[in-house]
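Here's a quick tour of a protein model with a ligand in place. Have a look at the fold first, then read on.

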Amino acid sequence: MRPCTVTIRRSVIADSPFPAGQSAPIGPETGAFPALYAEDLCVFRGERLVLDGVSFQMEAGAAMLLTGPNGAGKSTLLRVLAGLRKPDSGQLLWHGESVFADRAAHASKVAYLGHQDALKPGLTVTENLALFARAGQGNMQAALEAMDLLPLANLPARLLSAGQKRRTALARILLANAPLWLLDEPSLGLDANAITLLGQALTAHRQQGGLVIATTHVPLPLENVQPLTLPGASDSSASPFYQQEDDA
Ligand SMILES: Nc1ncnc2c1ncn2[C@@H]1O[C@H](COP(=O)(O)OP(=O)(O)OP(=O)(O)O)[C@@H](O)[C@H]1O
């Protein structure tokens, strides 16, 4: 598995091969593109600059771990990478094409796990998974097995524990059959056995050439992973006129 490379103006990056603020040596200028290429991404939320010059590139099979204090911008970066929020500046390319030129096309490449498990409480585990399985794709049985959900397959989601809901949400990621996994704190609520299953799923995805980008506050079962630490800012730096905004 080849690691990704990362630069960011204000983050703490171990072993970054590029001086702060400089672009990676491949990209639009050279005509050679990695699977995912981010250059100088900047995002304001309210009046605060949350992401300040984030640059990285990832090849097939790579994984990146996003860390940093609460409010540092980890979830914001995931939403940008999913094409759900346009950065205020910078560029984001998937195999050389701008993610924002065709967001629907990019969405088909992404499996996104948010903080919320977003299950329909009245539907069973299997029915919930079937709702999100892309037409004609994914193996329901394999996804249920991978997250040890077979004994729970016919249980309504409202009866699941927090960890069981998280496992169901992770099974949905497996079913999506998408190359780019964007996982916001994927181990939230998981017990030790489920974390092992998560590790196996991540490894299998990468061995098939998939990419993984995950946020976390705890160690995750990921090997050969590139760390990206967002520095954040003290909450006192937030504007007194701080306003909620919708994603663009
Ligand atoms: N809809 C929004 N409108 C305005 N500001 C927002 C919005 N969503 C998030 N923010 C702000 O953006 C900043 C980054 O938030 P984000 O959720 O990306 O952080 P995080 O690193 O994922 O935090 P955590 O570790 O707590 O999950 C925070 O200061 C937050 O208050």
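## Ground rules

Two strands pair if DSSP finds at least two bridges between them. Helices (H or I, at least four residues) and strands (E, at least two) are DSSP runs, numbered from the N terminus.

This is a predicted model, in which local features need pLDDT of at least 70 and side-chain atom pairs count only at pLDDT 80 or more, while totals for chains, interfaces and linings use all residues. Residues are numbered from 1 along each chain as its sequence is written.

## The sheet

The protein chain has 6 helices and 10 strands. Five of those strands make an open sheet with parallel pairing, in the order β7-β8-β9-β4-β10. At the edges you'll find β7 (110–113) and β10 (225–229); each has a single partner strand, so one side of each has no neighbour in the sheet. From one strand to the next, the twist averages 15°.

Strands β4 (residues 63–67) and β9 (residues 211–215) pair in the parallel sense over 4 bridges, and Met 64 has Ile 213 as its bridge partner in β9. Over at β7, the parallel pairing with β8 also runs over 4 bridges, with Leu 183 in β8 as the bridge partner of Leu 113. Val 110 and Tyr 112 point one way from β7, Ala 111 and Leu 113 point the other way, and all are buried (20 or more other C-beta atoms within 10 Å of a residue's own, with C-beta atoms placed from the backbone).

## Around the ligand

So who sits around the ligand? The shell has 13 residues, and the closest are Arg 45, Asn 70, Lys 74, Ser 75 and Thr 76. To be near, a residue needs its C-beta atom, placed from the backbone, within 6 Å of the molecule.

By type, the shell splits into 2 nonpolar, 8 polar and 3 charged residues. Here Ala, Val, Leu, Ile, Met, Phe, Trp, Tyr, Cys and Pro count as nonpolar, Asp, Glu, Lys and Arg as charged, and the others, Gly among them, as polar. Helix α1 (residues 74–81) supplies the largest share of the shell, 3 residues.

## A covered helix

Helix α5 (residues 162–176) has 15 residues, and 13 of them are buried, which leaves the helix mostly covered. Across the protein chain, 38% of the 248 residues count as buried.

Note on methods:
Axes are lines fitted to C-alpha atoms, for helices over the stretch in contact, and angles run from 0 to 180 degrees between N-to-C directions. A residue is buried if 20 or more other C-beta atoms lie within 10 Å of its own, exposed if 12 or fewer, and partly exposed in between; C-beta atoms are placed from the backbone. The expected span of a helix is 1.5 Å times one less than its number of residues.
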